[in-house]
Amino acid sequence: MRETIEFRIAERDARLHLEPGLGVSLGGSIRKVVLPMGDARVQRIAQLNHAYGKRGDAFFMSWNLRRSYTERELRSAELLNWVVRAHFEPTGSMCGTVYDASSECPHCGAGARQVSELLLDTRRIPKGKDIAQTLSGEMVVSSRFASAFLEQGLRGAEFHPVLHHGRGALQASDWRQLVVTSKPLVLSPRTVAGNNPFDLDEAGAFRCPLGHVAGLNQISELYVEKADRDDADLWVTDTLFGDRRGELRPEPRLLISPRLRDVLWAMDAKGYALEAAHFV
Ligand SMILES: [Zn+2]
């Protein structure tokens, strides 16, 4: 597994503190720097960010951790984190999908229940993908993925209709809402969550006191408890990541079995990445 981190840094700050040839300039005002996680310069950037933080500023504007695997590593994984890469908006609620917020946690905002069919502007779903997600975490899959899942006798999900909400009356669409029905896998405390890889939220500002949310971001690979897992092929984690802000909602992570991985590979599905995950 190869872990890299991408930073976006204001060009004037980068010029002040980083070697001139490091990274690429995006439009002249932002420097994009991609480094292996183990690189000494990552620690240097973390220290600079810490120092900037003391005066209420930040050295990097954003970060993005990526893990890449060889096919052999993914083939030998006992469990995989199914990472959705295709995102779109408007969200379901912006298109008229009805949610019952009475069950929402007052601390973290998790737990609103969808009580209508999923309404979306399906023209906004990225073309050619087999899985995609709105900013609120609503997940849709292609009808060809839903058919393959059912034909292969895989377990742990239902596929509900997605209605197209355009200018006129609601219309049926080729998309299906992915509804995970298996028993959620219990997230192990070995999974690292935090604000960023250098700030693990010691104060717990983004951890729900009732335990619904582990933190703002997933930092490490996923570790889940092996005890009392059901024999499904698709699961969500019982604990979520993220924040309730605007259209954003805390979201679980998706986990899949090697059988479902093989189905995704056989159909050459699009719109996702895979990471190794672990039972403990
Ligand atoms: Zn909560």
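**A helix across a sheet, and a zinc site**

Let me begin with helix α2, residues 40-54, which lies across β1, β3 (30-36) and β4 and runs at about 130° to β3. Please keep in mind throughout that what we are looking at is a predicted model.

Now to the sheet itself. The strands form an open sheet of 4, in the order β2-β3-β1-β4, and their pairing is antiparallel. Because β2 (24-26) and β4 (60-68) stand at the edges and each has a single partner strand, one side of each is left without a neighbour in the sheet. From one strand to the next, the twist averages 25°. For those new to this, the strands of a sheet pair through backbone hydrogen bonds, and they can do so in either a parallel or an antiparallel way.

If we follow strand β1, residues 2-10, we find that it pairs with β4 in the antiparallel sense over 8 bridges. Two places let you see this pairing residue by residue: phenylalanine 7 has tryptophan 63 in β4 as its bridge partner, and arginine 8 stands opposite serine 62, also in β4. β1 also pairs with β3, again in the antiparallel sense, over 7 bridges, and here threonine 4 has proline 36 of β3 as its bridge partner.

Let me turn to the metal. Which residues are the protein donors of the zinc ion? They are Cys105, Cys108 and Cys208, each through SG, together with His212 through ND1, and they lie 2.1 to 2.3 Å from the ion. The angles among the 4 donor atoms are 101 to 117°, and the site is tetrahedral. As a reference, the ideal angle for four tetrahedral donors is 109.5 degrees.

Along the sequence, the donor residues follow the spacing C-x2-C-x99-C-x3-H.

How values were computed
Residues are numbered from 1 along each chain as its sequence is written. This is a predicted model: local features need pLDDT of at least 70, side-chain atom pairs count only at pLDDT 80 or more; totals for chains, interfaces and linings use all residues. Side-chain values use heavy atoms; hydrogens and water are left out. Two strands pair if DSSP finds at least two bridges between them. Axes are lines fitted to C-alpha atoms, for helices over the stretch in contact, and angles run from 0 to 180 degrees between N-to-C directions. Contact means heavy atoms within 4.5 Å. Donors are N, O and S atoms within 2.8 Å of the metal (3.2 Å for Na, K and Ca); water is not among the atoms, so sites may look incomplete. Four donors count as tetrahedral if all angles lie between 85 and 135 degrees; four count as square planar and six as octahedral if opposite donors are over 155 degrees apart and all others between 65 and 115; anything else is irregular.
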